[in-house]
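Subject: Structure for you to look at

Hello,

Here is the structure I promised to send over. Please open it first, then read the notes below.

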Amino acid sequence: NVEEVAVTPDGKWIISVEDEKIIRIWKSADGRLIKASELGVGIRNLHVTPDGARLIFGASDTTIASAFI
């Protein structure tokens, strides 16, 4: 189940959250999966910074985290 989707401002990357714990990064030009990471907490509210360099997301344990794309 895809629960969150974000696109970088330049449209190059699509980021999805599945089953609340898996982040996937896709190349939008060809739909190729670039990276998948499973986190230990549920993910809520996925956002990309305006420069497209970082993901910001809230976790179900009420923390806020960021990661480079």
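In which strand is the place of Asn-45? Asn-45 sits in strand E5, which covers residues 43-48. Keep in mind throughout that this is a predicted model.

**Backbone points**

Asn-45 deserves a look for its backbone. Its phi is positive, about 55°, although Asn-45 is not a glycine. Most residues other than glycine have a negative phi. Asn-45 is partly exposed, at 48% relative accessible area.

Thr-62 is another non-glycine residue with a positive phi, near 75°. Thr-62 is found in a loop, between strand E6 (54-59) and strand E7 (64-68). Is Thr-62 buried or exposed? Thr-62 counts as exposed, because its relative accessibility is 71% and the cut-off for exposed is over 50%.

**Overall fold**

The protein has seven strands and zero helices. Along the sequence the pattern reads β-β-β-β-β-β-β. The radius of gyration is 11 Å, close to the 11 Å that the globule rule gives for 69 residues, so the protein is as compact as a globular protein of that length. Its C-alpha atoms fill a box of roughly 35 × 25 × 15 Å along the principal axes.

Of the 69 residues, 28% count as buried. Take the contacts with a separation of 6 or more: residues 24 or more positions apart account for 17% of them. The protein exposes about 4300 Å². Carbon and sulfur atoms supply 52% of that area.

**Charges**

There are 8 positive and 10 negative side chains. The centres of the two sets lie 7 Å apart.

How many salt bridges does the structure hold? It holds two.

- Arg-24 and Glu-18: their side chains meet at 2.9 Å, N to O. Glu-18 is buried, with a relative accessible area of 15%; the cut-off for buried is under 20%.
- Asp-30 and Arg-32: their side chains meet at 3.5 Å, N to O. Asp-30 counts as partly exposed, at 49% relative accessibility. Arg-32 also counts as partly exposed, at 43%.

**Where to look in the viewer**

Start with Asn-45 in strand E5. Then go to Thr-62 in the loop between strands E6 and E7. Finish with the two salt bridges, Arg-24 with Glu-18 and Asp-30 with Arg-32.

Best wishes

Key
Residues are numbered from 1 along each chain as its sequence is written. This is a predicted model: local features need pLDDT of at least 70, side-chain atom pairs count only at pLDDT 80 or more; totals for chains, interfaces and linings use all residues. Side-chain values use heavy atoms; hydrogens and water are left out. Helices (H or I, at least four residues) and strands (E, at least two) are DSSP runs, numbered from the N terminus. The radius of gyration is taken over C-alpha atoms; the globule rule is 2.2 Å times the number of residues to the power 0.38. Buried means under 20% relative accessible area, exposed over 50%, partly exposed in between (1.4 Å probe, protein chains only). Contact means heavy atoms within 4.5 Å. Accessible areas come from the Shrake-Rupley method with a 1.4 Å probe; for residues, only the protein chains shown count as cover. Lys and Arg count as positive and Asp and Glu as negative; His and the chain ends are not counted. The place of a charge is taken as NZ of Lys, CZ of Arg, CG of Asp or CD of Glu. A salt bridge is a side-chain nitrogen of Lys or Arg within 4 Å of a carboxyl oxygen of Asp or Glu.
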